[in-house]
Amino acid sequence: MASLLKFSTPRGLKVSRAEGQYVWDSSGRRYIDFHTGHGAAFLGHRNRYVVARLRSQLEYVTCLPPFFDSEILEEALKSLGRILPSHLGHVFFMNSGSEAVELALKLARKRSRRKVYAAFTGAFHGRTMAALSVTHNPKYRQGYDPFPSNTIFLPFNNVEALRTLDERVAAVIVEPVQGEGGIHIASREFLRAVEERCREVGAYFIVDEVQTGFGRTGLVWSHLEYGVRPDILVAGKSIGGGFPVSFVAVSDDVASKVEEGEHGSTHGGNPLALAAVVGGVEALERERVPEAAGRMGGLLASRLKEVAAEAEDVVREVRSKGLMAGVELKSRAAPLVSSLQERCVLALRAGLIVLRFLPPYLITERDVEEAVTVLREALAKFRPGVG
Ligand SMILES: Cc1ncc(COP(=O)(O)O)c(C=O)c1O
């Protein structure tokens, strides 16, 4: 038997089944899933629309590059046409968030003929070399210098600092809510100022919605709330209901400069991935996913804030947007993630000290109450001098 490289500490849980907002271990214990595979199963495990589309696609064609026409490609493009901002009508499919970020950066660099990117403190855009070059965490970057391009990191949510951007910058990439960086929400003023500064210096404005997109924050795309117009939008994670697929969506201007042979991917736009996107969009529309995320996100946030207020000695702050919630602790979050798991609630970290909750849209009030009770118990054990 081969062994898996240990890039992450194993969770010590053997999952044998997953459905909706739950997973079951090999002994039949049920867990509420606030991890959802780093947010990818936001539509719930085995979402029925996604499973139906995948099943049906398996009967027809499962390997076909998107430069061949197919019914599923037409359907996927139609589906995205209904949910994308009207000025971002051109897409290219990739397999992971990092790859889509990579493509966004490539598009901006070649078109601008500039070699410098700008990103923000706390940013996470992926682990491939260019995506990593705009990811801030020194732990992830260490040992990989020099990157193919230089990145200027500016303080997140600091409008003043944007003045330092100049005509050397090919693109500015930003998350409306930093996920991995600790659930930090961009202010309206900041995101608008980023767009404005991009226009002033002629840099491409890339919005990375790999984690925030597809309804999680209460709107189909989180940036819509800010009234900004990205040149390039990056999406991944939830869009295929847990099936690996991502895409970039670009403006007419970016699309008009695309050159033959400039980019490609063997599996990007695979028919199964496209079927997953079609099922994902069906679920999003029919189940009114963004509305549900907004509603349940409000409940989750208020319950987390109550628990935080009772545990002021261990909790610093609760931050959330829709169903993206973070509880910032005064110490490391990893032990709390384990102790929740022992009590059948799966969560994850965001950075070192933030406990992150990324539940699926179909989480119920009962699930939230159960999770909050478990969190309260686990936090009680964390009190100095107890447990
Ligand atoms: C905002 C953002 N961008 C990019 C990525 C990278 O996506 P992937 O892990 O699918 O490569 C992630 C993953 O967490 C992310 O949160």
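The residues of the shell around the ligand divide into three nonpolar, nine polar and three charged, where Ala, Val, Leu, Ile, Met, Phe, Trp, Tyr, Cys and Pro count as nonpolar, Asp, Glu, Lys and Arg as charged, and the others, Gly among them, as polar. This is a predicted model, in which local features need pLDDT of at least 70 and side-chain atom pairs count only at pLDDT 80 or more, while totals for chains, interfaces and linings use all residues. Residues are numbered from 1 along each chain as its sequence is written.

The shell holds 15 residues, of which G97, S98, G126, V210 and Q211 are the closest to the ligand; a residue is near a molecule if its C-beta atom, placed from the backbone, lies within 6 Å of it. Helix α4 (residues 97-112) gives the largest share of this shell, three residues, helices being DSSP runs of H or I with at least four residues and strands runs of E with at least two, numbered from the N terminus.

Turning to the sheet, four strands form an open arrangement in the order β1-β2-β3-β15, with mixed pairing, two strands being paired if DSSP finds at least two bridges between them. Because β1 (15-19) and β15 (345-346) stand at the edges, each with a single partner strand, one side of each is left without a neighbour in the sheet. Strands β2 (residues 22-25) and β3 (residues 30-33) run antiparallel and are joined by three bridges, and W24 stands opposite R30 in β3.

Finally, I232 is in contact (C-beta atoms, placed from the backbone, within 7 Å) with residues including A104, I206 and V248, leaving aside its neighbours within four places in sequence.

Conventions: Two residues are in contact if their C-beta atoms, placed from the backbone, lie within 7 Å.
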